[in-house]
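I opened a new notebook page for this structure. I wanted to look up a few things and write down what I found.

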Amino acid sequence: MEPRPEELIPELSVWNRPLKYGRYLSEKQIQILQKDLEIFTLGDLFRHFPFRYEDRTVITEIRHVHLGLTSVQIKGEFIKFENAGEGKARRLVGTFADPSGTIEVVWFQKIDSLRKILKVKQPYLVYGRLNHFNGKTSFTHPEVEVFNPNEKRSGLEPVYSTTETLKRFGLDSKGLSRIIEWNITAFSKEIIEPFPDLKIKAWTMIPLPIAIKEIHKPTSASLLAQSQNRLKMEELFPLQFFMLRKKKLNHEVSVGHYMPKLQVFNQFYESVLPFALTNAQKRVLKEIRSDLVSGKQMNRLVQGDVGSGKTIVALMAMLMAHDNGYQSCLMAPTEILANQHFFSIEKLAQAIGLQIALLTGSTKTSERKKIAENLENGSLHILIGTHAVIEDKVRFQNLGLSVIDEQHRFGVAQRARLHNKNPDSHPPHILVMTATPIPRTLAMALYSDLDISKIDELPAGRKEIQTVHRTESRRLPVFQFIREEIQKGRQAYIVYPMIEESETLDLNNLMEGFESISRAFPEYPLSMVHGKMKPSDKDFEMARFVNGETKIMVATTVIEVGVNVPNASIMLIENSERFGLTQMHQLRGRVGRGEYQSYCILMTGPKLSREGKIRIETLCRTSNGFEIAETDLKLRGPGDIMGTKQSGIADLKLTNLAEDGDLLEFIKQITQTIIEEDPNLENPQFQLLKSHLADISKQKIYWNNIS
Ligand code: ADP
Ligand code: MG
């Protein structure tokens, strides 16, 4: 007798056991399953979930069949078969009848074999999509099966993705369904619930073995939904567990620089700060302060919409470090932004006698040397710059705090380099700032290891930016409007799309735009900035715009982040159908930074895709960055959003981060309680869970990629 597979390789759980230990599969089928669907193990097979379900209880009368129906099932008999057409049009046409009428069923392939198999005057079920062919409504290549009055038909018939090759070897959707069902039955003893029964009951989850059966052969819609939830938990729990556990361990072992003293901070707050902080800013500063006196290393993400005033929060956090004898650095993703941070902070820093310096790619060698010296001897308190700041050459005497502005531009590796900046001491506290609002679910899924603060309030007195959509036909009035604003003393941005793959094309686009705008506004000096310019030229142009010499800034998205020109009141986005939602929201944030009513004008061609329309409507309707981010997530899915690729959450099969926020929240909670209870899963009740997680970590190592 053939040895049982589990005796052969007892160390592999059913989830990780190679497909060849499965049942009812030929070697050829196994090969193709691997090649076409990347199904290598029984676990992969069990997790090849149906992508939809069909109602096969409904039988439609032929007289009611029309093209408007997506898929239709009819019952009847073939009355005749005919060969028709020549060459490519060669086809088999069956005439199918029920008591209400007849309809044609057409095949272009396997004509000869079908002709042998199909019989007239025998009851069949025909199921498929309708076509319009040769002036008639017909079925093309539908599913055809002999009608069996004793077979129970389901309202939730699973449909699996498959391939032509698999179909040729008997694994069409039906075939796959059978194979999966048989294997689930064959290995049912080994498909066990890894969580303790009591917990599963308390959470009102259905046990994994039932969930696996149900998702492939649902008995009811509500059980199916519960099964999907249980299986989403399979997808989400491991990542949450590893991240939350890592966070807990970090907290336990990481020693953070202790920063209890406040002195210059208070002086700044009382007599230098040019405005009152918003409540949200105060709250976030308190959160930061409590991290800095906790004795643990801070890893905090501050999210705040454009203009919410993150820079001042960063500066004040750096003052806290300074008051305790530590240096700080602030990293920005672009040179322009680093410059701007430097100049705005320099003004304030002078008032309190702080030494700051700017380090970017274009800093001169002599200046670099001076900076390096002063950093190492400790006379320089704050270093502001671009990536240049984290180069290994740059050594601090005592780096206590690193602020990373607009974090989505920074990779995980760069964060890690910051960690290593103090080889002889603890890593610096880390504060990450982003104006890209991360949807709640994504933040939960991605940044469970960071603490999150939100500045969810704009400084008082800001006027809401008015956003409108205009098509080419209204260009003249749009230009006239810009002219009037400039006459009032304002400035305008005109932005062109810049997409990396086609930089030259976009550059042409920008140049043409620049020319046409020069012609339209001959009376005003213009600036132009784009990514292909030398940093020094960029800065020169930017500076001219900042101090009002030029009235219109024609640019690509390089101005997207951070740049602050309070006098600018118009943001005109050209070809706005080519921009992402979040990106346009960022661009819009460049205006409305001063006391003036500001406007964002979204120009498009006359035709818009459905998604393009939604993007534009969303922007015209709301300026809430979080709402915009949620919509963006719904439109694009998490895969396209920065930072998700490495994390593995882009391969979630069942979970939809745009919709499953509540479930994710729940899973995060229960994960947290398990980690509090038993972070190493040593308790006997968690033994199954522990080995289940170990199994999963053999399949995927995605948490290794997370910072
Ligand atoms: P962001 O969050 O987009 O980085 P900034 O830090 O650049 O925003 O702040 C935008 C503008 O708002 C700056 O000119 C800043 O001085 C100003 N600002 C920040 N906080 C306040 C406040 N509490 N009251 C008034 N103005 C503020
Ligand atoms: Mg900013």
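Which residues of strand E11 point one way, and which the other way? I kept in mind that this is a predicted model. I went through E11, residues 356-359. Ile356 and Leu358 point one way. Ala357 and Leu359 point the other way. I checked burial too, and all of them are buried. The pattern made sense to me, because side chains in a regular strand alternate between the two faces of the sheet.

Next I looked up the pairing of E11. It pairs with strand E12, residues 382-385. The two run in the parallel sense, and I noted four bridges. Ile356 has Ile382 in E12 as its bridge partner. I then followed the chain from E11 to E12. It crosses through helix H14, residues 365-377. I noted this β-α-β crossover as right-handed.

Then I turned to ligand 1. Which residues come nearest to ligand 1? I found 16 residues around it, and Gln281, Gly307, Lys310, Thr311 and Arg462 come nearest. I sorted the shell by kind: five residues are nonpolar, seven polar and four charged.

A polar backbone atom of Ala276 lies 2.9 Å from a nitrogen atom of ligand 1. In the side chain of Gln281, an N or O atom is 2.9 Å from a nitrogen atom of the ligand. For Thr311, I noted 2.7 Å between an N or O atom of the side chain and an oxygen atom of ligand 1. How much of ligand 1 does the protein cover? On its own, ligand 1 has 560 Å² of accessible area, and the protein covers 81% of that.

Notes
Residues are numbered from 1 along each chain as its sequence is written. Chains are lettered from A and ligands numbered from 1 in the order in which they are written. This is a predicted model: local features need pLDDT of at least 70, side-chain atom pairs count only at pLDDT 80 or more; totals for chains, interfaces and linings use all residues. Side-chain values use heavy atoms; hydrogens and water are left out. A residue is near a molecule or strand if one of its heavy atoms lies within 4 Å of it. A polar contact is a pair of N or O atoms within 3.5 Å; within protein, one must be able to donate a hydrogen and the other to accept it, and residues adjacent in sequence count only if both atoms are side-chain atoms. Accessible areas come from the Shrake-Rupley method with a 1.4 Å probe; for residues, only the protein chains shown count as cover. Ala, Val, Leu, Ile, Met, Phe, Trp, Tyr, Cys and Pro count as nonpolar, Asp, Glu, Lys and Arg as charged, and the others, Gly among them, as polar. Buried means under 20% relative accessible area, exposed over 50%, partly exposed in between (1.4 Å probe, protein chains only). Two strands pair if DSSP finds at least two bridges between them. A crossover is right-handed if, with the strands pointing away from the viewer, the path from the first strand over the helix to the second runs clockwise.
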